[in-house]
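This report looks at how side chains pack and pair in one protein model. Please have the sequence at hand while reading.

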Amino acid sequence: PATLINVASMYALNGPHHQIYEDMPFKSFSAYSASKAGIHGLTLWLAGYWAKRECTVNTIAPGAVFNGHSDEFQRRVSELIMAGRMAQPDEIADVMLFLCSPQAGYMTGQLVNVDGGFSGW
């Protein structure tokens with residue numbers, strides 16, 4: 001069996017809070033959200049297409065992952081997350097490892113939010 005994990009974003013199914021990007025060196029653009037939503041559409045298509053080949057295809061939707069962001073950005077985004085902080089990269093990788101494991105063999109066509117509770121509000 002084979003496994004494919006497509007990487008989307010918390011913005012695949014949730015709109016961004018535009019105010020957290022004000023005065024930041026990066027922005028949230030509509031094309032980003034649209035493309036991330038499209039990734040999950042591709043996941044669903046491939047999951048059905050490759051099902052007979054015993055392949056699983058899932059989407060992981062990470063939330064805000066710390067990558068040297070400013071203290072101000074961290075504060076703004078962390079207020080929107082139930083866990084109260086940004087993710088560490090290894091927390092996203094751990095979920096990907098699970099999806100590659102035999103324990104996830106019956107999961108296909110799923111979108112797994114790994115966003116610290118952002119999508120739960």
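Leaving aside neighbours within four places in sequence, which residues is Y11 in contact with? They are P16, H17, I20, Y21, S28, Y32, S33 and F118, where contact means heavy atoms within 4.5 Å.

## Basis of the model

This is a predicted model, in which local features need pLDDT of at least 70 and side-chain atom pairs count only at pLDDT 80 or more, while totals for chains, interfaces and linings use all residues. Residues are numbered from 1 along each chain as its sequence is written, and side-chain values use heavy atoms, with hydrogens and water left out.

## Nonpolar cores

Y11 belongs to the largest nonpolar core, which has 12 residues, including M10, I20, Y21 and F118. A nonpolar core is a set of buried Ala, Val, Leu, Ile, Met, Phe, Trp, Tyr and Cys residues joined through side-chain atoms within 4.5 Å. Buried means under 20% relative accessible area, exposed over 50%, and partly exposed in between (1.4 Å probe, protein chains only).

A second, separate core has 8 residues, among them I5, A87, I92 and L99.

## Salt bridges

The whole structure holds 4 salt bridges (a side-chain nitrogen of Lys or Arg within 4 Å of a carboxyl oxygen of Asp or Glu). E72 forms one with R75 at 2.7 Å, N to O, and another with R76 at 2.9 Å. E72, R75, R76 and E79 are linked in a network of such bridges. R76 is buried, at 17% relative accessibility, whereas E72 is partly exposed at 32%.

Elsewhere, E91 pairs with R85 in a salt bridge, with the closest N and O atoms 2.7 Å apart. E91 is partly exposed at 29%, and R85 is partly exposed at 39%.
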